[in-house]
Amino acid sequence: MKFISEFRDSVLIQKTADEIRRLTSGTGRTFRIMEVCGGHTHAIYRFGLKDVLPKEIEMIHGPGCPVCVLPEARIDAGLELVRHEGVIMTMFGDMMRVPGKYGTPLDMKAKGADIRMVYSPMDALTIAQKNPDKHVVFFAIGFETTAPATALSLIMAKKQHLTNFSIFCNHIIIAPPLRALLDFPDLRLDGFIGPGHVSTIIGCKPYEFISAEYGKPVVVSGFEPLDLMQSIMMCVRQLIEGRCEVENQYGRAVLWDGNSRALAALEEVFDERNSFEWRGLGFIPHSGWKIRDEYAEFDAEKRFSVIETSVEINSEAACGDVLRGLKKPHDCPLFGTVCTPENPVGALMVSSEGACSAYHQYGQRLHEIEIPSNFKLQEETVV
Amino acid sequence: MCLAIPGKIVAMPEQELSFALVEVGGVRRKVILDMLPEPAHLGNWVLVHVGFAMNIVSEKEAEEQLELLRALGEFLDEPLDEPLEEPREEEVATAGGV
């Protein structure tokens, strides 16, 4: 077992696709299923799953991309910290290309700012240990998948009595935006493909409100193409049989109750914020983590008095509607012209897990544009 | 962002109990085990995310899943399509970023 190639088996993928087709054909309905996680969005396009799914299945891309939903005001506020004397800013690679008011962190680095890409918050901790005369800030982003790693790094920093290390905390919580989405009056959604790796930490219970209160099925899914196909099949089966339950497709990695040790680390270090802003979705109650008072010395927001200023977003950009599933990326007037992966306007184009970036990279635009019946190719003039 | 890559524990240095060497797509990495809810052993597969092992991947569950799917619509067996792309090595090695 290699845990990758087995789940890319074309025969089994075809079997699953056939089963989905058998279930949906003749029902005369469209099944609108949201894949919550940006990693799922990326996989659906990368492996061309849209092409093997019947037309009755419409995939809607959810808000599960931490880079995409981080508001520009937070990006600017975090990058402002690098202007303090002796600060080394560290962040994941995903953040390096996100534009703020001073350009992207990569641009700022090119102009001499000490911004370093790290693979893990532990790497940021190591940089702090090696540079006792500097202060190292880690620009922390991510859902419950990533937050425990930040928490464990802070626990370690405290044990080692480090005084030159802090976190600019932007960790977010997956369930509140799902409730916010479900409360949107214009939402048209039948079910959810739940995020697999968030669920390795939090388990399946946090999604129970979706079936209990909103009557919609949730299938927690793995990330390989066969995982996604099976999850879509399970979701469709529930809808056809009139069930709405939380099911776990990703049993090899997700326990129903999650990872108790990681959850304990979260509890030790973080506390819920009253409210946190999401790009495209606005302020959502209890949707972000802040650092507990016991760890205040490691909170960059407390050490440096971070100031957030509101940022005007290009009014033509449709990021919010795309995040809510109301529009497809190519419905945005900026898509592929003003807003491209090289020069992203909105964050959905920045991260490879953003819906716009996935569409741009894998050419979905061509698949989904309807060609008018009276359309004719102009004949080339031969000179 | 939430990408986690399965890797196999190939060495567990005794003096550093909270670390293991994990082979991810042919690359060996030092991975922290402090997040695992149960002790890991040599040869276990773990999901690696930002330098931490998040959990032990269950081979039994994976086999059961594949078995279930193999049994699906057996009468429908169709000829092989083109195989989907295999993971590229450099991708497996770097995709675990965040």
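Let me begin with a term: a polar contact here is a pair of N or O atoms within 3.5 Å, where within protein one atom must be able to donate a hydrogen and the other to accept it, and where residues adjacent in sequence count only if both atoms are side-chain atoms. By that rule, 15 residue pairs, both at pLDDT 80 or more, are in polar contact across the interface of chain A and chain B.

What we have is a predicted model, in which local features need pLDDT of at least 70 and side-chain atom pairs count only at pLDDT 80 or more, while totals for chains, interfaces and linings use all residues. Residues are numbered from 1 along each chain as its sequence is written, chains are lettered from A and ligands numbered from 1 in the order in which they are written, and side-chain values use heavy atoms, with hydrogens and water left out.

Staying with the two chains, the contact, meaning heavy atoms within 4.5 Å, takes 56 residues from chain A and 51 from chain B. About 4,700 Å² is buried between them, 65% of it on carbon and sulfur atoms, where buried area is the accessible area (1.4 Å probe) that two parts lose on being put together, summed over both. Of the area that chain A buries against chain B, Phe3(A), Lys15(A) and Tyr119(A) supply 15%, more than any other three residues.

How many salt bridges does the rule find across the interface of chain A and chain B? It finds 0, a salt bridge being a side-chain nitrogen of Lys or Arg within 4 Å of a carboxyl oxygen of Asp or Glu.

Now to the inside of chain A, which is divided into domain 1 (5–63 + 175–248), domain 2 (68–174 + 258–303) and domain 3 (319–366), with bounds that come from an automatic or database domain assignment. The centres of domain 1 and domain 3 of chain A, taken over C-alpha atoms, are 21 Å apart, and their contact takes 18 residues from domain 1 and 14 residues from domain 3. These two domains of chain A bury about 1,300 Å² between them, with carbon and sulfur atoms giving 62%, and His42(A), Tyr45(A) and His61(A) supply 41% of the area that domain 1 buries against domain 3, more than any other three residues.

Across this domain interface the rule finds 1 salt bridge, along with 4 residue pairs in polar contact, both at pLDDT 80 or more. Elsewhere in the list of pairs, Lys328(A) forms a salt bridge with Glu58(A), whose closest N and O atoms are 3.7 Å apart.
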